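Subject: Structure for you to look at

Hello,

Here is the structure I promised you. Please open it next to this email and follow along.

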Amino acid sequence: MNILVLAEHDGQQLNPACLQAITAAQFWQAPVHVLLVGSALDTIASHLTNVSGVAKVIKAEAAHLENPLAEDIATLLVSISSDYRVILAAHTSFSRNTLPRAAALLDVAMISDALEIQAENCYVRSIYAGNILTHIQSQDAMQVLTVHSSHFIAAASQEGSAEISSIDVPVPFTQTRWLAAKHTQSDRPALSSAKVVVSGGRSLGSAENFEQVLSPLAAKLGAALGATRAAVDAGYAANEIQVGQTGVMVAPELYIAVGISGAVQHTYGMKDSRVVVAINQDPDAPIFQIADYGLVADLFDTIPVITAAIK
Amino acid sequence: MKILVAVKRVVDYNVKIRINADGTDLATDGVKMGMNPFDENAIEAALQLKEQAKASEIIAVSLGSSANQDILRHALAMGVDRAILVETNSKLQPLAVAKLLKAVIEQEQPDLILLGKQAIDDDAGQAGQMLAALLNYPQATFASSLQLENNELQVMREVDGGTETLALSLPAVVTADLRLNNPRFVKLPNLMMARKKKITTIPAANLGVDIKSRLKLLKLAEPAPRKPGMMVSSVDELLRKLLDHEGVTL
């Protein structure tokens, strides 16, 4: 029986987290198929044939799937599910929306955000914002899961050998209509895959400060900007850059936490970073317990000095 | 229009939860409990629709032991009209939650079902989508705004890197994100009044639903702490340490 990875893309490019999900899918040592859902898939499909570990790329192509609904993807997954013992995807908002719907239709439990796959039906996942790790065993014959992509290395490119096939698309779900999408335009790298992240907390004090203090540093480092929920709630930063339990998970090479106290809800989303630097005025801030390098200092004095020191 | 809101009782988000002495369960005795924060957003959204005269009745439903009465009282004090407790002492996983809610929905026939987007205890984020699947209803997860016009619900959703807007025919299932609204505080007189409102209890066994756990817990563990870091006293020292120890050039 095969393994199915549900891929996410924007019509032009694959979400890089899919490459990590493809690596996770190798665990079962069975042929890995990748399902692409959309309206014009040839470019992405041929790109996927060059990804190591992919045996087959399956296209589900139809005009109404240009902005696919969870309702339609779930029925699509069910329609091909008899060929698969595992359906998985990277833990992104796309699959968090879609896979639980498919799992319920298949009457199987779903494993969200698996950190580790230990056996063919055993997983490690965290609960309570990463405070506790649970080792769980699924009792279902079929496994449906999302994986914590930063815990898996991205599948490499190689000379393509995977075949491409197309499948019939079930009739559209008509009770939901897609109306619009708005993507935040930014010259900065995508937060979830950035090599360097500069994040700010409520100590920045205002949206203007957030921008004026952190942007020059992020620009010099080629970094993505992140924020705590407190900073987002206070209106200093946009919600889509919120890092943490209810926001984006990041695992960059370098994470610079500026004026961030270090609540578990925040650190859940960044503690897999390789090197954490924290700058905070409060020597007792919990962020210093997880930082590799801590500097007790006023951020308004310090960040411009660091920015100026960068070549 | 009738709205049903599902609410979960969870450990307060400020509590640092621990594993009990024999390692078999979490130490929740005497720990502060409350309503899952996202579920409060779901209730607030329902109350606002009622205040706009777009909803006539709001029902809060919780699943679990009799201890769940406290969050149902809280929901009543916020302003919901009535409350249902589906009582069970079994631990419920998301698929079982969806099946029990479906059974209640078949009895109550609400036009809109609101839930939080995830519970902050098990962080699964599945119940709403699973419920929508079992009912074959439209779904909109991670909602940051709701507008009801002519029996169609427009929902803006928070997605990675931006937002998406959907139009759902009713009945539909929507899960609330934190940015949907700011849940109102409960005033003491309302809390007193809520004590007089009735909570209907339905034994879960009466709903004829399979609520067995599908995911068996093998082990609980605390994550390994990050390796201890060091404090530096100046920007110069910070940049030097990053270069010397980590090979990171700023």
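**Strand 4 of chain B and its partners**

Strand 4 of chain B and strand 5 (residues 82-87) of chain B run parallel and are joined by 6 bridges. Strands (E, at least two residues) and helices (H or I, at least four) are DSSP runs, numbered from the N terminus. Two strands pair if DSSP finds at least two bridges between them. In strand 5 of chain B, Ile84(B) is the residue opposite Val61(B).

Before going on, note that this is a predicted model: local features need pLDDT of at least 70, side-chain atom pairs count only at pLDDT 80 or more, and totals for chains, interfaces and linings use all residues. Residues are numbered from 1 along each chain as its sequence is written, while chains are lettered from A and ligands numbered from 1 in the order in which they are written.

Strand 4 of chain B also pairs with strand 1 (residues 2-7) of chain B. These two run parallel as well, with 6 bridges. Here Val5(B) has Ala60(B) as its bridge partner in strand 4. A residue is buried if 20 or more other C-beta atoms lie within 10 Å of its own, exposed if 12 or fewer, and partly exposed in between; the C-beta atoms are placed from the backbone.

Now look at the loop between helix 1 (37-51) and strand 4 (57-64) of chain B, where you will find Ala53(B). Ala53(B) counts as exposed because it has 8 C-beta neighbours inside 10 Å. Its C-alpha atom is 9.3 Å from that of Met1(B), although 52 residues separate them along the chain.

**Chain B as a whole**

Chain B has 13 strands and 6 helices. Its C-alpha trace spans about 65 × 45 × 40 Å along the principal axes. Of its 250 residues, 47% are buried. Take the contacts in chain B with a separation of 6 or more: 69% of them come from residues 24 or more positions apart. Two residues are in contact if their C-beta atoms, placed from the backbone, lie within 7 Å.

**Two helix pairs**

Two packed helices are described by the angle between their axes and the distance between the axes. Axes are lines fitted to C-alpha atoms, for helices over the stretch in contact; angles run from 0 to 180 degrees between N-to-C directions.

Start in chain B. The axes of helix 3 (residues 94-108) and helix 4 (residues 127-135) of chain B come within 8 Å and cross at roughly 50 degrees. That makes helix 3 of chain B oblique to helix 4 of chain B. Angles under 35 degrees count as roughly parallel, over 145 as roughly antiparallel, 65 to 115 as roughly perpendicular, and the rest as oblique. The residues of this contact are 11 nonpolar, no polar and 2 charged. Ala, Val, Leu, Ile, Met, Phe, Trp, Tyr, Cys and Pro count as nonpolar; Asp, Glu, Lys and Arg as charged; the others, Gly among them, as polar. On the helix 3 side, the residues include Leu101(B) and Ile105(B); on the helix 4 side, they include Met130(B) and Leu134(B).

Now chain A. Helix 5 (residues 207-221) and helix 9 (residues 299-309) of chain A pack at about 25 degrees, with axes 9 Å apart. That makes helix 5 of chain A roughly parallel to helix 9 of chain A. The residues of the contact divide into 7 nonpolar, 1 polar and 1 charged.

**The sheet in chain A**

In what order do the strands of the open sheet in chain A run? The order of its 7 strands is 5-9-4-1-2-3-10, and the pairing is parallel. Strand 5 (110-114) and strand 10 (163-166) of chain A are the edge strands, each pairing on one side only. From one strand to the next, the twist averages 25 degrees. Strand 3 (residues 56-61) of chain A is joined to strand 10 of chain A by 4 bridges. Within that pair, Lys59(A) has Ser166(A) as its partner.

**Where the chains meet**

In chain A, 66 residues are in contact with 61 residues of chain B. The chain A side has 35 nonpolar, 22 polar and 9 charged residues. Strand 8 (residues 132-138) of chain A pairs with strand 12 (residues 215-221) of chain B in the antiparallel sense, over 6 bridges. There, Leu133(A) has Ala221(B) as its bridge partner.

Best wishes
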